[in-house]
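User: I would like to learn how to read aromatic pairs and helix faces in a model. Can we work through one case together?

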Amino acid sequence: MGAMGRLLFLVFLADLALLVIALIDCLSTDGDEIRALPKAVWVLLILFASPLGPIAYWYAGRPRRDDGAGAGAGAGAPAWHPAGSAAGRAPRDLAPDDNPEFLRELSARTRRTEEERLRRWEAELRRREEELRRDENGTDSDPPTVP
């Protein structure tokens, strides 16, 4: 295989990688987040207009990601465009480990559980100390029972 054949093979692999990555991204994105065209049209463009379909999806169809530095998702898109108004979109659920309210509740619940466990342990310790004192003083002739 000559140099041109190797070059064409590399171009084919790059095109295939671009197609697969764009297709996976398009299929895994919610339909209401994709810009410009419906999701089904983007899938068809990606599959049948390669390499221009994946490049067009990457440029015009892929939802803008919030990188934390910008104005948020949809920054720069017109207000009438679905990606242009964050207020027009339904809020997405957060994973439990990303939800600050859930983490606060989990921390409070853990703290309450630990405090209750400590109170029970201290009460049990006081009860055992009282039993030992009674045994030393000889006021109770029955041996302590183990629960």
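Predicted model: local features only at pLDDT ≥ 70, side-chain atom pairs only at ≥ 80, totals over all residues.

User: Start with the fold. How many helices and strands does the protein chain have?

Analyst: The chain has 4 helices and 0 strands. Along the sequence the pattern reads α-α-α-α.

User: What share of the 147 residues counts as buried?

Analyst: 16% of the 147 residues are buried. The chain exposes about 11400 Å², and carbon and sulfur atoms supply 62% of that area. Among contacts with a separation of 6 or more, 43% join residues 24 or more positions apart.

User: What is the mean pLDDT of the protein chain?

Analyst: The mean pLDDT is 79, and 74% of the residues reach 70 or more. Over residues 67-85 the pLDDT is below 50. That stretch has 20 contacts in the model beyond near neighbours in sequence.

User: Now the rings. How is a pair of aromatic rings described?

Analyst: By two quantities: the distance of the centres and the angle of the planes. This structure holds 2 aromatic pairs. One of them joins Trp42 and Tyr57, with 5.6 Å centre to centre and 70° between the planes. That pair is edge-to-face.

User: Which parts does the pair of Trp42 and Tyr57 tie together?

Analyst: Trp42 lies in helix H2 (residues 39-48) and Tyr57 in helix H3 (residues 52-61), so the pair links parts 15 residues apart in sequence. Both Trp42 and Tyr57 are buried.

User: Why is the pair of Tyr57 and Trp58 called edge-to-face?

Analyst: Planes over 60 degrees apart count as edge-to-face. The planes of Tyr57 and Trp58 stand at 70°, with the ring centres 5.9 Å apart, so this pair is edge-to-face. Trp42, Tyr57 and Trp58 form one aromatic cluster.

User: Are Tyr57 and Trp58 buried or partly exposed?

Analyst: The cut-off for buried is under 20% relative accessible area. Tyr57 has 0% relative accessibility, so Tyr57 counts as buried. Trp58 has a relative accessible area of 35% and is therefore partly exposed.

User: What lies over the face of Trp58?

Analyst: Arg62 does, at 4.7 Å from the ring centre.

User: On to the helix face. Which residues of H3 are buried?

Analyst: Gly53, Pro54, Tyr57 and Gly61 are buried in H3. They cover an arc of only 100° around the axis, so they sit on the same side of H3. Leu52 and Tyr59 are exposed on the other side of H3.

User: What covers the buried residues of H3?

Analyst: The cover includes helix H1 (3-28) and H2.

Key. Residues numbered from 1 in each chain as written. Heavy atoms only, no water. Phe/Tyr/Trp six-rings, centres within 6.5 Å; stacked < 30°, edge-to-face > 60°. Helix = DSSP H or I, 4+ residues; strand = E, 2+ residues; numbered from the N terminus. Buried < 20%, exposed > 50% of the residue type's maximum accessible area, 1.4 Å probe, protein only. Lys NZ or Arg CZ within 6 Å of the ring centre and 35° of its normal. Arc of directions from axis to C-beta. Contact = heavy atoms within 4.5 Å. Areas by Shrake-Rupley, 256 points an atom, 1.4 Å probe, with all protein chains shown as cover. pLDDT = per-residue confidence, 0-100.
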